[in-house]
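Here is a brief report on one chain.

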Amino acid sequence: LAQIVVVLLLGAAFGALNGMNDGSVLVGTLCSSRAMTLVRAQWLAIAGIWVGIWLGADIVSRTVCLELVRLEGVSQTTALNVWMSALGGALCWGWLARRFSIPSSATHSFIGAICGATLVGTESLSAVNWSTGVGKVFLGLLLSPLLGGTLGYLVFRMLVLGLQRANAGIFARLRQAECGAVFFQSIC
């Protein structure tokens, strides 16, 4: 029972760390563009996160739980030790990255930690699904900056060209659209 409580507490702490990483970016964009005040932007992000939880927008969680590692054949104690180690390792890295201003992804740090803890806990290379689970993560890790940078550049160029003669009313609508976009991002 004590191990389960520790896993739940570590999971809550990791969720808070992940929320600080993701939520601060979302809230920061709304505040820097003056689309919302800090408090309203925080409430919008929190509302989106809760809507996402209730809608089951948990694609990353499903990938981690179902495709990344296999803990079926191990004892409950070993499985709980793997989860405690993974959450503890991801929290330590997240704290160090925040402390020294190193850009990092809480999700990717957890994925690395769960793979490492599974290897040590099960003493088996086959407990980690290298081809589809880890392969999918690495593909996303490699493609995200490339696709995000390319699409960001293209959208920015289109906006610059399209908004050269825009009036104040257009910018007010863009701020509203930004609020909607941030809400949608916080759901996902």
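## A loop residue with positive phi

Arg-34 counts as exposed, because its relative accessibility is 70%. Exposed means over 50% relative accessible area, buried under 20%, and partly exposed in between, with a 1.4 Å probe and protein chains only. The residue sits in the loop between H1 and helix H2 (38-55). Arg-34 is not a glycine, yet its phi is positive, about 65°. Most residues other than glycine have a negative phi.

This is a predicted model: local features need pLDDT of at least 70, side-chain atom pairs count only at pLDDT 80 or more, and totals for chains, interfaces and linings use all residues. Residues are numbered from 1 along each chain as its sequence is written, and side-chain values use heavy atoms, with hydrogens and water left out.

## Overall layout

The chain has 7 helices and 0 strands. Helices (H or I, at least four residues) and strands (E, at least two) are DSSP runs, numbered from the N terminus. The element order from the N terminus is α-α-α-α-α-α-α. Along its principal axes, the C-alpha trace spans about 65 × 35 × 35 Å.

Of the 188 residues, 27% count as buried. Take the contacts (heavy atoms within 4.5 Å) between residues at least 6 apart in sequence: 77% of them join residues at least 24 apart.

## H1 against H7

Helix H1 (residues 2-32) packs on helix H7 (residues 168-187) at about 175°, with the axes 10 Å apart. Axes are lines fitted to C-alpha atoms, for helices over the stretch in contact, and angles run from 0 to 180 degrees between N-to-C directions. The pair is therefore roughly antiparallel. That label needs an angle over 145 degrees; under 35 is roughly parallel, 65 to 115 roughly perpendicular, and the rest oblique.

H1 contributes Leu-26, Thr-29 and Leu-30 to the contact, and H7 contributes Glu-178, Cys-179, Val-182, Gln-185 and Ser-186. By class, that contact holds 4 nonpolar, 3 polar and 1 charged. Ala, Val, Leu, Ile, Met, Phe, Trp, Tyr, Cys and Pro count as nonpolar, Asp, Glu, Lys and Arg as charged, and the others, Gly among them, as polar.

H5 has 17 residues. Its first and last C-alpha atoms are 24 Å apart, close to the 24 Å expected at 1.5 Å a residue. The expected span is 1.5 Å times one less than the number of residues. Buried residues of H5 include Phe-110, Ile-111, Ile-114 and Cys-115.

The axes of H5 and helix H6 (residues 130-162) come within 11 Å and cross at roughly 155°. H5 is therefore roughly antiparallel to H6. On the H5 side, His-108, Ile-111, Cys-115 and Leu-119 meet Trp-130, Val-134, Val-137 and Leu-141 of H6. This contact divides into 7 nonpolar, 1 polar and no charged.

## Thr-118 and the end of H5

Is Thr-118 buried or exposed? Thr-118 is buried, because its relative accessible area is 0%. The residue lies in helix H5 (residues 106-122). Beyond neighbours within four places in sequence, Thr-118 is in contact with Val-69, Leu-71, Val-82, Glu-123, Ala-127 and Val-128.

One of those partners, Glu-123, follows H5. Glu-123 is found in the loop between H5 and H6. Its phi is near 55°, a positive value in a residue other than glycine. Glu-123 counts as exposed, because its relative accessibility is 71%.
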